[in-house]
Every structure is written in structure tokens, then in C-alpha cells.
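Welcome to this short tour. Open your viewer, keep the selection tool handy, and follow along stop by stop.

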Amino acid sequence: MLLEIIAGALIASSQQASASDSLRADSAFRRSDWPTVERLYGAITQRQPEQGMAWLRLGISRQAQKKIDPAIPAFEKALALRFQVPTATYRLAHLHTARGNADRAFAYLDQLVPLRSVPVPILDTVSEFSSLRADARYAAIRERMIALR
């Protein structure tokens, strides 16, 4: 009986700590305190790997700190969990463009087409994609986006 009481208390304490971490992580995210966001959401993803929002925000914090390589798996995990698919996909295209990996960037841009989540005028003004615009694949993706409007 005593062990059950202790176990219940430990579970309740762990749940309270988890809720507290989530609140602190959200507060840090709203303040754009990226190192704190990364630390707190990193811990949350370790405890609750099924938390899509935690993975997405971990990726955003790393991207904001110019930590391109560590941001990619965080967004991939959010995508695998089907959490905010357009956002994760767009950010992966952006990161692969920054890495100079046009093939991967185009693969993610191609996945955005049926989602209808990025208007062509926006895509055409994103400076980070300027290196892709001379490639015929960009024109093809752009035309497919226009055709779906």
C-alpha cells in the first residue's frame, strides 16, 4: 500500500514538473528566448517524443539560432508526427536551401504544392529561395502551385 502511495506521488510530481516545463517553454517561445526554448523543448522531446509541437518549436529555436544541422531532425520529427505539416515542410525547404542542398529543398517545396499553403507571390519574394529560382524545377513547382489556385 505504501509503495502505491509513493508511486502515485512520484507520478503526480512528474506530471506537475512536465506541465511547469511546458508553461516555461511556451513563455520562452513567446519571448523569442531561443536558447531557453531549445533547452526546455529539448527536455520535453526526450520525455515525450510524441509531442509534435515540442519538436516543431525545438526546430524553430535552432533555426533562429542559425543551428541549421540540428534544426533539420527536429522538423523531420514534427513532420513524421504530422504536426503542422505545411510549417515543418516549408522550414525544411528553407534549411536545405541554406545548406546548399537544392535537391532536398526542391523535394520539400514539391511536397508543399498539394498543401496549397504558400501563395506563389510569397514564395517569389522569400529571399532565401533566390538561389533556386534559376533552376527549372522552381518554375515547374511555381506553375503547379498556380494551377491549383
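Where do the axes of helix α3 and helix α5 come within 11 Å, and at roughly what angle do they cross? Before you look, note that this is a predicted model, in which local features need pLDDT of at least 70 and side-chain atom pairs count only at pLDDT 80 or more, while totals for chains, interfaces and linings use all residues. Residues are numbered from 1 along each chain as its sequence is written, and side-chain values use heavy atoms, with hydrogens and water left out.

**Stop 1: two helices**

Select residues 52–64 for α3 and residues 85–98 for α5; their axes come within 11 Å and cross at roughly 30°. The axes are lines fitted to C-alpha atoms, for helices over the stretch in contact, with angles running from 0 to 180 degrees between N-to-C directions. Because angles under 35 degrees count as roughly parallel, α3 is roughly parallel to α5. Their crossing is left-handed, that is, the near helix is turned anticlockwise from the far one by less than a right angle.

Now show the side chains. From α3, pick L56, I60 and Q63, which meet T87, A88, R91, H94 and L95 of α5; contact here means heavy atoms within 4.5 Å. These contact residues divide into 4 nonpolar, 3 polar and 1 charged (Ala, Val, Leu, Ile, Met, Phe, Trp, Tyr, Cys and Pro count as nonpolar, Asp, Glu, Lys and Arg as charged, and the others, Gly among them, as polar).

**Stop 2: F75**

Next, select F75 in helix α4, residues 68–80. Is F75 buried or exposed? F75 is buried, with a relative accessible area of 0% (buried means under 20%, with a 1.4 Å probe and protein chains only). Leaving aside neighbours within four places in sequence, F75 is in contact with L56, G59, I60, Q63, A88, R91, L92 and L95.

**Stop 3: D26**

Move to D26 in helix α1, residues 2–30. Its side chain is joined to that of R57 by a polar contact of 2.6 Å (a pair of N or O atoms within 3.5 Å; within protein, one must be able to donate a hydrogen and the other to accept it, and residues adjacent in sequence count only if both atoms are side-chain atoms). Beyond neighbours within four places in sequence, D26 is in contact with Y41 and R57.

**Stop 4: zoom out**

Finally, display the whole chain: it has 8 helices and 0 strands, being DSSP runs numbered from the N terminus (helices are H or I, at least four residues; strands are E, at least two). Of its 149 residues, 38% count as buried.

Conventions:
Parallel < 35°, antiparallel > 145°, perpendicular 65-115°, else oblique. Buried < 20%, exposed > 50% of the residue type's maximum accessible area, 1.4 Å probe, protein only.
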